[in-house]
Amino acid sequence: MTETGVGTEAGTGTGGAVPAVRIEGLRKAFGAKTVLDGVDLEIGRGEFFALLGPSGTGKTTLLRVLAGLERPDAGTVLAAPRRTTVYQEPRLVQSRRVLANVTLGLPRSARQAGRRALAEVGLEGYERAWPATLSGGEAQRVALARALVREPQVLLLDEPFAALDALTRMRTQDLVAELCARHRPAVVLVTHDVDEALRLADRVAVLRDGAFAADRRIGLPRPRDRDDPAAAGYRRSFLSHLGVGEP
Ligand SMILES: Nc1ncnc2c1ncn2[C@@H]1O[C@H](COP(=O)(O)OP(=O)(O)OP(=O)(O)O)[C@@H](O)[C@H]1O
Ligand SMILES: [Mg+2]
């Protein structure tokens, strides 16, 4: 175990493919309140995993444990060492220009990779712009570039589209789908939007009462069509696990 409580080598000696994340029996409480209670989770390299769940069920807590920001009370948490989080808000440093934000904390030699990452998110030419001059969608793309340049093996996304308008949200979802297909990090996407999960993820789970109430592989072809009628069955099932649509 490391200082942060997250072991950095997922799956040794299993003989099979080494997963990006392996959690066994994770328990996390805040005071008297147990938030995560026996969570087991394995995420393969390059797998896109989406996590749904009512507000306050511990989704962010689970991401924070994976990021090494929160120490588990019990259980084993193993994850590949390069992990990066993108949040609902871009969290840019206002006093630094865009490229400096992307390469924050990295050596000067990372600037070229930073420029490439900005180009990948469609922000070529924004290197010297100040964060305050960006639209919400552009700022969030800078946050994605900042994650990308770190070449994460595990990308943790905590409602990264929630603050965007509907059209920007769809475009940014498509961008994330494309970036993840190209770079193949393992992804944990926390979202409240069932359709977003079905659009992006290989696997979708519902966190409820401290553990997973559902965990299903999504057998829809890619690229995903927002109107694929086959998505309706999944949607109904996940909504019912979320307590919506059934008596
Ligand atoms: N540092 C903390 N101290 C005390 N309680 C906390 C702390 N962090 C989280 N909690 C509590 O743990 C529970 C789960 O919080 P968490 O933020 O993980 O929920 P969530 O599923 O991400 O919710 P949302 O969908 O609203 O973002 C909440 O009841 C919250 O108040
Ligand atoms: Mg949250």
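**View 1. The hairpin of β1 and β2 in the predicted model.** Within this hairpin, two residues lie between the strands, and Gly31 adopts a positive phi near 60°. The structure shown here and in the following views is a predicted model. Strand β1 covers residues 21-30, strand β2 covers residues 33-43, and the two pair in the antiparallel sense. Their pairing extends over eight bridges. Ala29 can be located by its position opposite Thr34 in β2.

**View 2. The pairing of β1 with β4.** Strand β4 consists of residues 74-79 and is joined to β1 by five bridges. These two strands run antiparallel. Two residue pairs may be followed in this view. Val21 has Ala79 of β4 as its bridge partner, and Arg22 has Leu78 of β4 as its bridge partner.

**View 3. The open sheet of three strands.** The strands are arranged in the order β2-β1-β4, and the pairing is antiparallel. Strands β2 and β4 form the edges, since each of them pairs on one side only. On average, neighbouring strands of this sheet are turned by 25° against each other, direction ignored. When tracing a strand, the student may recall a general rule: in a regular strand, side chains alternate between the two faces of the sheet.

**View 4. The surroundings of ligand 1.** Which residues surround ligand 1? The shell is made up of Phe30, Val35, Gly53, Ser55, Gly56, Thr57, Gly58, Lys59, Thr60 and Thr61. Sorted by class, the shell contains seven polar residues, two nonpolar residues and one charged residue. Helix α1, which spans residues 59-67, supplies the largest share of the shell, namely three residues.

**View 5. The largest nonpolar core.** This core comprises 64 residues. Among its members, Leu66, Ala145 and Val188 touch the most other members. The largest share of the core comes from helix α4, formed by residues 136-148, which contributes seven residues.

**View 6. The contacts of Leu66.** Which residues does Leu66 touch, if those up to four places away in sequence are not counted? Leu66 is in contact with Val6, Val21, Val77, Ala79, Arg83, Val154, Leu156 and Val188. Val188 is, like Leu66, one of the residues that touch the most other members of the largest nonpolar core.

Notes. Residues are numbered from 1 along each chain as its sequence is written. Chains are lettered from A and ligands numbered from 1 in the order in which they are written. This is a predicted model: local features need pLDDT of at least 70, side-chain atom pairs count only at pLDDT 80 or more; totals for chains, interfaces and linings use all residues. A residue is near a molecule or strand if its C-beta atom, placed from the backbone, lies within 6 Å of it. Helices (H or I, at least four residues) and strands (E, at least two) are DSSP runs, numbered from the N terminus. Ala, Val, Leu, Ile, Met, Phe, Trp, Tyr, Cys and Pro count as nonpolar, Asp, Glu, Lys and Arg as charged, and the others, Gly among them, as polar. A nonpolar core is a set of buried Ala, Val, Leu, Ile, Met, Phe, Trp, Tyr and Cys residues joined through C-beta atoms within 7 Å. A residue is buried if 20 or more other C-beta atoms lie within 10 Å of its own, exposed if 12 or fewer, and partly exposed in between; C-beta atoms are placed from the backbone. Two residues are in contact if their C-beta atoms, placed from the backbone, lie within 7 Å. Two strands pair if DSSP finds at least two bridges between them. Axes are lines fitted to C-alpha atoms, for helices over the stretch in contact, and angles run from 0 to 180 degrees between N-to-C directions.
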